[in-house]
Structures are given as C-alpha cells and as structure tokens.
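Subject: Structure for you to look through

Dear colleague,

Please find below the structure that I promised to hand over.

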Amino acid sequence: MATPMELSCWGGDWGLPSIHTESLIVMAYAKFSGAELKIQTIDWTWKTLTGTVPALNLEDAVVTKPVHILNYLRKQKYNVDYDLTAKQGADTLAYIALLEEKLHPALVNTNTRGTKRRAVL
C-alpha cells in the first residue's frame, strides 16, 4: 500500500477547513477528484519543509503552489475535468481567469477599505 500524500496548509476558522484561499483550492480539488490526502494544518509557515503553503509532501519531493499541486494530481490520474469536452474545458479555464482577474482584487479592496474605515472610527 502506498503512503498517503500529505498536504500542509493553514488551519481553519469560521467553519472553513482553511482560511487560506490557495489551501482551499487544493483541498477542494482533492476532494472532488477523489485524491486521498492527509491534511496537516499549520499556523506558521516555518513549520513546513519549504516555508510556503500549501505544500504537498511526497516521499521524495515537495510540491508547492496550487497550480503545480493540481498538475501533479492530474498526472496521478486524479482529474476532475476528465469527462469535459474541449470547449467545456476552455470555458472552465476562462471562468477561472475571470474570477482571478476581477473578483479577487475586489475582495482584497473590500477588506482593505473596511480596515481603513475601522481605523478612522
């Protein structure tokens, strides 16, 4: 039996398994693809081998950054997009790019403005 892959990610709060968006991306992909990951929650990045999260710890290597982790899982036959047509796959990538380009900066801006307003009050 192969040893399970271990994912180091930030711990959760507010009912979420992690408060780190990149860790949530990897955790959701693993759940939907059926990959069996042992989740190791951490509170400080210096507790990881690479100093970054998320980090997929394998027997002989460490894979960091969500895009690299998802590519590794796809190569291991854990692919949630397996049944999609080429057009559906392209639509999915376009939607992800749209969210990253438009929604993420809006959320960051909203949180930043809320902090500045609270500081003034």
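Two strands are said to pair if DSSP finds at least two bridges between them. Helices (H or I, at least four residues) and strands (E, at least two) are themselves DSSP runs, and they are numbered from the N terminus. Please keep in mind that this is a predicted model, in which local features need pLDDT of at least 70 and side-chain atom pairs count only at pLDDT 80 or more, while totals for chains, interfaces and linings use all residues. Residues are numbered from 1 along each chain as its sequence is written, and side-chain values use heavy atoms, with hydrogens and water left out.

The protein has three helices and four strands, and from the N terminus on these elements follow the order β-α-β-β-β-α-α. Strand β1 pairs with two others: six bridges join β1 to strand β2 (residues 37-42), the two running parallel, and three bridges join β1 to strand β3 (residues 55-57), in this case antiparallel. Within these pairings, E6 stands opposite K38 in β2, and S8 stands opposite A55 in β3.

If a contact is taken to mean heavy atoms within 4.5 Å, then, among contacts in the protein with a separation of 6 or more, 59% are between residues 24 or more positions apart.

Of the 121 residues, 23% count as buried, where buried means under 20% relative accessible area, exposed means over 50%, and partly exposed lies in between (1.4 Å probe, protein chains only). In soluble globular proteins, nonpolar side chains tend to be buried together. A nonpolar core is here a set of buried Ala, Val, Leu, Ile, Met, Phe, Trp, Tyr and Cys residues joined through side-chain atoms within 4.5 Å. The largest such core has 14 residues, of which M5, L7, L37, L56, I69 and L73 touch the most other members. Two or more residues of this core come from each of β1 (5-10), α1 (21-33) and α2 (66-75), and α1 gives the most, with four residues.

Which charged side chains meet? A salt bridge is a side-chain nitrogen of Lys or Arg within 4 Å of a carboxyl oxygen of Asp or Glu, and by this rule there are two. One is between E6 and K38, whose closest N and O atoms are 3.8 Å apart, and this pair links distant parts of the chain, as E6 in strand β1 and K38 in strand β2 are 32 residues apart. E6 is partly exposed at 22% relative accessibility, and K38 is also partly exposed, at 49%. The other joins the side chains of D91 and K87 (3.1 Å, N to O), which are four residues apart in helix α3 and therefore separated by about one helical turn.

Finally, L98, which lies in helix α3 (residues 86-120), is partly exposed, with a relative accessible area of 45%.

With best wishes
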